[in-house]
Amino acid sequence: MDAAYALAQLGGCATTARLRRFCRRSEIEQALSDGAIVRCGKGKYAVPGLDAAWREAHRLSAVVSGRSAAQFWELDLCLAPGEEVTPELTVPRNRKIAPERREGVSIKWRNLPAASVVEVGRGWGNHSTGRVTTLVQTVLDCCRDLPERDALCVVDAALRKGQSRTVLLAAALELPAIARSRVRRVIEQGDGRSANAFETCLRHIARSVPGLDVVAQVQIGEHRVDLADAARKIVVEAESFAFHGSKEMFRVDCRRYTWLTTTGWIVWRFVWEDVMLKPDEVRVAMVRGLAIRSTCSCGGFALS
């Protein structure tokens, strides 16, 4: 499988071991040679943009922040096919940077508390040290600046890594009032059970459908599904060739689908490209499916 394609579906950053589950070593090396992916540390890979963030931060005496910092902390991002991450940096409010020096980077002018920035050793590029926002500050910044769907991917990833929701919510109280409620709302929606950014984006769409109440990673009999509304017996699956590409996984997936549908569950399957590029169409399909489910009798029961 194309390594850049797999890496984007994995949230933009992955270890060698994780990426090798979907790509041959030769495919990874070819992608590196082509510049389609970059090394961002020992045994780690990322979509292009991460190395540039480190270089630009050094050039502008800035702090790596936002989505670039999320990559540093290995937090999954919501990425469209082929998308690169523009270097995102933060500088103090009183800094003046000429427009021509800002080309190719996204800069936020904010006074970051000293405790919200860490200095790290060699990471990206050829510079020995650099500064990056802490994991907690990175989550807050992403919730503050990104669209809700993108921010939720970062929150889910942080919770999945073991970051405390309580700590995140407490940190949000220190933000300016204009940003505080939005940031807290996104953090409260976060769910560390979500397996990856693809699944988070699909959950975000599903949660916008009135009457649909999905939960991540639900166990049904012997099977674990991505999302499920147990009351309506609806399963919503994030289907990707990157995760179901082998013959054996194809067999397992078919058997699971058959078991679910023959025991009264309706299964909606959505592909990564549609969830990332056509979310409105995915939502329309869910609304249509829910309307059908609400008026039919399936598996010996009816829903009103």
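**View 1. Contacts of Val139 in the predicted model.** Leaving aside neighbours within four places in sequence, Val139 is in contact (heavy atoms within 4.5 Å) with Leu75, Val154, Val155, Ala158 and Leu168. This is a predicted model in which local features need pLDDT of at least 70 and side-chain atom pairs count only at pLDDT 80 or more, whereas totals for chains, interfaces and linings use all residues. Residues are numbered from 1 along each chain as its sequence is written, and side-chain values use heavy atoms, with hydrogens and water left out.

**View 2. Packing of helix 6 and helix 7.** The axes of helix 6 (residues 135–145) and helix 7 (residues 148–160) come within 8 Å and cross at roughly 155°. Helix 6 is therefore roughly antiparallel to helix 7 (an angle over 145 degrees, on a scale from 0 to 180 degrees between N-to-C directions, with axes fitted to C-alpha atoms over the stretch in contact). Helices are DSSP runs of H or I with at least four residues, and strands are E runs of at least two, numbered from the N terminus. The crossing is left-handed, that is, the near helix is turned anticlockwise from the far one by less than a right angle, and clockwise for a right-handed crossing. Leu135, Val139, Cys142 and Cys143 of helix 6 meet Ala151, Val154, Val155 and Ala158 of helix 7. This contact has 8 nonpolar, no polar and no charged residues (Ala, Val, Leu, Ile, Met, Phe, Trp, Tyr, Cys and Pro count as nonpolar, Asp, Glu, Lys and Arg as charged, and the others, Gly among them, as polar).

**View 3. Packing of helix 6 and helix 8.** The axes of helix 6 and helix 8 lie 10 Å apart at an angle of about 65°, and their crossing is right-handed. Val136, Val139 and Leu140 in helix 6 meet Val167, Leu168, Ala171 and Ala172 in helix 8. By class, 7 residues of this contact are nonpolar, with no polar and no charged ones.

**View 4. The largest nonpolar core.** This core (buried Ala, Val, Leu, Ile, Met, Phe, Trp, Tyr and Cys residues joined through side-chain atoms within 4.5 Å) has 41 residues, and Leu19, Ile37, Val139 and Ile187 have the most contacts inside it. Among the elements that give two or more residues are helix 6, helix 7 and helix 8 (165–172). Helix 7 gives the most, with 7 residues.

View 5. Thr134 lies in the loop between strand 8 (130–133) and helix 6. At 16% relative accessibility, Thr134 counts as buried (under 20% relative accessible area, with exposed over 50% and partly exposed in between, for a 1.4 Å probe and protein chains only). Beyond neighbours within four places in sequence, Thr134 is in contact with Trp73, Ala115, Ser116, Val117 and Val118.

Technical notes:
Angles under 35 degrees count as roughly parallel, over 145 as roughly antiparallel, 65 to 115 as roughly perpendicular and the rest as oblique.
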